[in-house]
Amino acid sequence: GFITDHKVLLLDEPTASLDATNRAVVVAMIGEKKAAGVALLGIFHDEEVRDQVADRILDVTAFAPELAA
């Protein structure tokens with residue numbers, strides 16, 4: 001997805017299972033896409049990465065269904 005010219009990228013855990021060096025490369029690539037005006041929608045469990053790249057955060061845990069007792 002990073003080598004295309006799409007106007008929107010959907011990212012699902014783009015840094016999962018990466019070592020620190022490669023994680024930094026992917027974070028930089030996300031920054032380049034943002035600077036180019038690409039819209040990004042991502043799912044991040046890594047809060048450190050999320051905080052580096054996110055402009056807005058939506059905590060979806062509030063949407064979890066309630067379990068019946």
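pLDDT is the predictor's confidence in each residue, from 0 to 100.

**Entry 1: the model and its confidence**

I noted that this is a predicted model, in which local features need pLDDT of at least 70 and side-chain atom pairs count only at pLDDT 80 or more, while totals for chains, interfaces and linings use all residues. Residues are numbered from 1 along each chain as its sequence is written, and side-chain values use heavy atoms, with hydrogens and water left out.

I looked up the confidence next. The protein has a mean pLDDT of 91, and 99% of its residues reach 70 or more. Among the elements, helix α1 (residues 20-35) has the highest mean pLDDT, 96. Helix α2 (residues 47-53) has the lowest, 93.

**Entry 2: elements and overall form**

I took helices (H or I, at least four residues) and strands (E, at least two) as DSSP runs, numbered from the N terminus. The protein has two helices and two strands. Their order from the N terminus is β-α-β-α. The protein is more spread out than a compact globule, because its radius of gyration is 14 Å, well over the 11 Å that the globule rule gives for 69 residues. I used C-alpha atoms for this radius, and the globule rule is 2.2 Å times the number of residues to the power 0.38. The C-alpha trace spans about 50 × 30 × 20 Å along the principal axes of the protein.

**Entry 3: surface, contacts and charge**

I counted a residue as buried under 20% relative accessible area, exposed over 50% and partly exposed in between (1.4 Å probe, protein chains only). Of the 69 residues, 17% are buried by that count. The protein exposes about 5,600 Å², by the Shrake-Rupley method with a 1.4 Å probe. Carbon and sulfur atoms supply 56% of that area.

For contacts (heavy atoms within 4.5 Å), I looked at pairs of residues at least 6 apart in sequence, and 57% of these contacts join residues at least 24 apart.

I found 6 positive and 12 negative side chains, with the centres of the two sets 9 Å apart. Lys and Arg count as positive and Asp and Glu as negative, with His and the chain ends not counted. Each charge is placed at NZ of Lys, CZ of Arg, CG of Asp or CD of Glu.

**Entry 4: the loop between β1 and α1**

Thr 15 sits in the loop between β1 (8-12) and α1. Thr 15 is buried, at 5% relative accessibility. Leaving out residues up to four places away in sequence, Thr 15 touches Arg 23, Val 26, Val 27, Asp 46 and Val 49.

Glu 13 is in the loop between β1 and α1. Its phi is near 50 degrees, a positive value in a residue other than glycine. Ser 17 also belongs to the loop between β1 and α1. Ser 17 is not a glycine either, yet has a positive phi of about 65 degrees. Ser 17 is exposed, at 82% relative accessibility.

**Entry 5: the segment after α2**

I checked Leu 58, which lies in the segment after α2. Leu 58 is exposed, with a relative accessible area of 64%. Its C-alpha atom is separated by 23 Å from that of Ala 24, 34 residues apart along the chain.

Leu 67 is in the segment after α2. Leu 67 counts as exposed at 80% relative accessibility. The C-alpha atoms of Leu 67 and Ala 36 are separated by 43 Å, with the two residues 31 apart along the chain.
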